[in-house]
Amino acid sequence: MGKQKKARKYAVMKRMISLRDQRINEKERAKAPAKKKEDPSAIKEREVPQHPSCLFFQYNTQLGPPYHILVDTNFINFSIKAKLDLVQSMMDCLYAKCIPCITDCVMAEIEKLGQRYRVALRIAKDPRFERLPCMHKGTYADDCLVQRVTQHKCYIVATVDKELKRRIRKIPGVPIMYISRHRYNIERMPDDYGAPRF
């Protein structure tokens with residue numbers, strides 16, 4: 001009779017004993033971390049996120065002409081599809097001077113899209129657009145825009161991405177510009193500025 005083959009178990013690791021195990025010599029054994037006694041007289045610190053001073057409830061007092069509009073990659077592409085001039089259409093929507101802002105991440109995303117989106121790249125390099133440098137690692141534009149808007153509430157975010165819109169709606173006082181019916185529309189803008197909604 002042959003030797004019975006044992007089926008090898010998938011991803012089985014050798015068991016190792018803990019460094020604090022009693023079987024290890026006392027000198028080589030890892031010591032348990034000493035617990036610090038809490039001082040009852042010490043002042044307790046709590047991390048409370050500071051409420052931005054520019055907000056009066058949901059009303060953002062920092063918004064006002066000239067508007068700084070953070071533009072997302074897909075917003076430029078959809079504007080080209082809808083044959084809309086970015087700066088002019090923004091002014092038609094808000095009835096005021098608009099400064100489109102492009103972060104390094106958005107520029108990197110457009111460059112990665114390649115030759116097919118060269119028109120979008122040419123629009124993004126327009127001298128009327130303000131370039132915002134990014135200091136973080138990676139080129140994921142959505143995180144970059146959300147982080148920037150959380151820190152500085154003086155921007156309007158222009159995007160047609162549903163996921164990014166959902167994330168920005170959670171941040172109070174940040175309006176969203178989007179494209180509908182071949183024109184730009186604004187959401188969550190205080191009532192005393194902005195184009196009428198249709």
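Visitor: Hi! Which helix does Leu121 lie in?
Guide: Leu121 belongs to helix 4, which covers residues 118-124. Keep in mind that this is a predicted model.

Visitor: And what is Leu121 in contact with, leaving aside its neighbours within four places in sequence?
Guide: Apart from those neighbours, Leu121 has contacts with Met107, Ile110 and Glu111.

Visitor: How far apart are Leu121 and Thr73 in space?
Guide: From C-alpha to C-alpha they are 9.6 Å apart, while 48 residues separate Leu121 and Thr73 in sequence.

Visitor: Let's zoom out. How many helices and strands does the protein chain have?
Guide: There are 6 helices and 8 strands in the protein chain. Starting from the N terminus, the elements come as β-β-β-α-α-β-α-α-β-α-β-α-β-β.

Visitor: What share of the protein chain counts as buried?
Guide: Buried residues make up 39% of the 198 residues in the protein chain. As for contacts between residues at least 6 apart in sequence, 61% of them join residues at least 24 apart.

Visitor: What actually holds paired strands together?
Guide: In general, strands of a sheet pair through backbone hydrogen bonds, either parallel or antiparallel.

Visitor: So how do strand 3 and strand 4 run, parallel or antiparallel?
Guide: Strand 3 (residues 67-71) and strand 4 (residues 98-103) run parallel, joined by 4 bridges. Within that pairing, Leu70 stands opposite Cys101, and Ile69 has Pro100 as its bridge partner.

Visitor: What about strand 3 and strand 6?
Guide: Strand 3 pairs with strand 6 in the parallel sense too, over 4 bridges. Here Val71 of the pairing faces Ala158 in strand 6.

Visitor: How many residues of strand 3 are buried?
Guide: Strand 3 is mostly covered, with 4 of its 5 residues buried.

Visitor: Is Pro65 buried or exposed?
Guide: Pro65 is exposed, because its relative accessible area is 53% and the cut-off for exposed is over 50%. The C-alpha atoms of Pro65 and Ile99 are separated by 9.4 Å, with the two residues 34 apart along the chain.

Visitor: Which residues of helix 3 are buried?
Guide: Those are Cys105, Val106, Met107, Ala108 and Ile110. What covers them includes helix 1 (73-81), helix 4 and helix 5, along with strand 3, strand 4 and strand 5.

Visitor: What follows helix 3?
Guide: Gly114 follows helix 3, and the phi of Gly114 is positive, near 90°.

Visitor: At what angle do helix 5 and helix 6 pack?
Guide: Helix 5 (residues 141-151) packs with helix 6 at an angle of about 20°, and their axes are 10 Å apart. Angles under 35 degrees count as roughly parallel, so helix 5 is roughly parallel to helix 6. Their crossing is right-handed.

Visitor: Which residues meet there?
Guide: On the helix 5 side, Asp142, Asp143, Leu145 and Val146 meet Leu164, Arg167 and Ile168 of helix 6. By class, this contact has 4 nonpolar, no polar and 3 charged residues.

Visitor: Last one: which residues are buried in helix 5?
Guide: In helix 5 the buried residues are Ala141, Asp142, Cys144, Leu145, Val146, Arg148 and Val149. They pack against strand 3, strand 4, strand 5 and strand 6, as well as helix 3 and helix 6.

Terms used: Residues numbered from 1 in each chain as written. Predicted model: local features only at pLDDT ≥ 70, side-chain atom pairs only at ≥ 80, totals over all residues. Heavy atoms only, no water. Pairing = 2+ DSSP bridges. Helix = DSSP H or I, 4+ residues; strand = E, 2+ residues; numbered from the N terminus. Contact = heavy atoms within 4.5 Å. Axes fitted to C-alpha atoms, helices over the stretch in contact; angles between N-to-C directions. Parallel < 35°, antiparallel > 145°, perpendicular 65-115°, else oblique. Left-handed = near helix turned anticlockwise from the far one by under 90°. Nonpolar A, V, L, I, M, F, W, Y, C, P; charged D, E, K, R; others polar. Buried < 20%, exposed > 50% of the residue type's maximum accessible area, 1.4 Å probe, protein only.
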